[in-house]
Amino acid sequence: MEPRKTTGQRSPQQLLRDTISQYAEGDLSISFSGAEDVILIDMVAQMGLTVDIFTLDTGRLHPETYEFIEQVRSHYGFSIDLLMPTPSDVAKLVKEKGLYSFYKDGHGECCSIRKIEPLKTKLESLDAWITGQRKDQSVTRTNLTQVQEDKAFSTENHKITKYNPLADWSLSQVWQYIRENNVPYNKLHDNGYVSIGCEPCTRPITPNQHERAGRWWWEEQTQRECGLHAQNVIKIVS
Ligand code: SF4
């Protein structure tokens with residue numbers, strides 16, 4: 001498939017190629033969870049390149065999502081690093097507040113333990129990461145650029161760069177690519193799920209709803225980031 005160019009931007013393939021060549025092995029990784037992320041993995045494979053891949057195993061994913069992770073691993077032959085939360089932190093939260101505290105307290109505390117802390121630890125060992133974020137996924141992502149400093153996880157002594165090769169893609173472009181290239185996808189997509197996170201915090205949506213309407217649906221729209229991309233929330237509330 002020909003690279004899809006976007007105005008004034010590098011094609012996703014070109015950005016991936018340039019980025020992978022720029023970093024030493026172990027300094028750069030793709031964050032994998034959704035349909036967009038597998039497109040990035042597919043593009044890397046089609047170009048004959050390799051890259052480190054990680055995914056966040058929160059312990060609350062759907063069975064279909066675990067099957068999907070395994071399918072991607074076997075389809076491409078790439079290793080996938082599963083990042084898990086610290087067991088004692090999870091045990092403390094569950095003991096004190098139960099298994100569903102996020103419905104009452106908001107998702108911040110649980111996401112912090114199950115996603116942010118493992119990600120933070122991983123990013124301490126990286127100089128850059130690649131995500132499948134798109135501008136039109138959410139009101140929190142409208143200012144997304146293909147390359148940005150990760151202001152949520154950079155420190156004074158350790159700057160981290162975030163690459164978003166699909167920043168300008170639409171959802172329909174994503175699914176066109178998946179169909180044309182026989183890219184593996186999460187079977188939950190066949191049951192009305194569009195954006196897929198943890199099982200208790202994701203539900204299917206109707207055709208007229210925004211694609212992320214099924215994520216943390218009980219919370220205010222501008223706060224629906226799990227902290228992985230926290231700078232998107234900072235932008236919209238400041
Ligand atoms: S998405 Fe829900 S279950 Fe998953 S880490 Fe966040 S609050 Fe917890």
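In which kind of crossing, left-handed or right-handed, does helix 1 pass helix 2?

Reply: Helix 1 passes helix 2 in a right-handed crossing. A crossing is called right-handed if the near helix is turned clockwise from the far one by less than a right angle, and left-handed if it is turned anticlockwise.

Before the details, two remarks on the basis are in order. This is a predicted model, in which local features need pLDDT of at least 70 and side-chain atom pairs count only at pLDDT 80 or more, while totals for chains, interfaces and linings use all residues. Residues are numbered from 1 along each chain as its sequence is written.

The protein has eight helices and six strands. These are DSSP runs numbered from the N terminus, helices being H or I with at least four residues and strands E with at least two. From the N terminus on, the order of the elements is α-β-α-β-α-β-α-α-α-β-β-β-α-α.

Two packed helices are described by the angle between their axes and the distance between the axes. Axes are lines fitted to C-alpha atoms, for helices over the stretch in contact, and angles run from 0 to 180 degrees between N-to-C directions. Angles of 65 to 115 degrees count as roughly perpendicular, under 35 as roughly parallel, over 145 as roughly antiparallel, and the rest as oblique.

On the side of helix 1, the contact is made by P12, Q13 and L16, and on the side of helix 2 by L40, M43 and V44. Two residues are in contact if their C-beta atoms, placed from the backbone, lie within 7 Å. By class, these residues divide into five nonpolar, one polar and no charged. Here Ala, Val, Leu, Ile, Met, Phe, Trp, Tyr, Cys and Pro count as nonpolar, Asp, Glu, Lys and Arg as charged, and the others, Gly among them, as polar.

The buried residues of helix 1 are P12, Q13, L15 and L16. They cover an arc of only 160° around the axis, which puts them on the same side of helix 1; the arc is that of the directions from the helix axis to the C-beta atoms. A residue is buried if 20 or more other C-beta atoms lie within 10 Å of its own, exposed if 12 or fewer, and partly exposed in between. Among what covers the buried residues of helix 1 are helix 2 and strand 6 (161-163). In the protein as a whole, 37% of the 238 residues count as buried.

A second pair of helices may be set beside the first. The axes of helix 4 (residues 87-97) and helix 6 (residues 108-123) come within 10 Å and cross at roughly 170°, which makes helix 4 roughly antiparallel to helix 6. Their contact is made by D89, V90 and L93 of helix 4 together with E109, C110, I113, R114 and E117 of helix 6. This contact has four nonpolar, no polar and four charged residues.

W216 is in the loop between helix 7 and helix 8. W216 is buried, with 24 other C-beta atoms within 10 Å.
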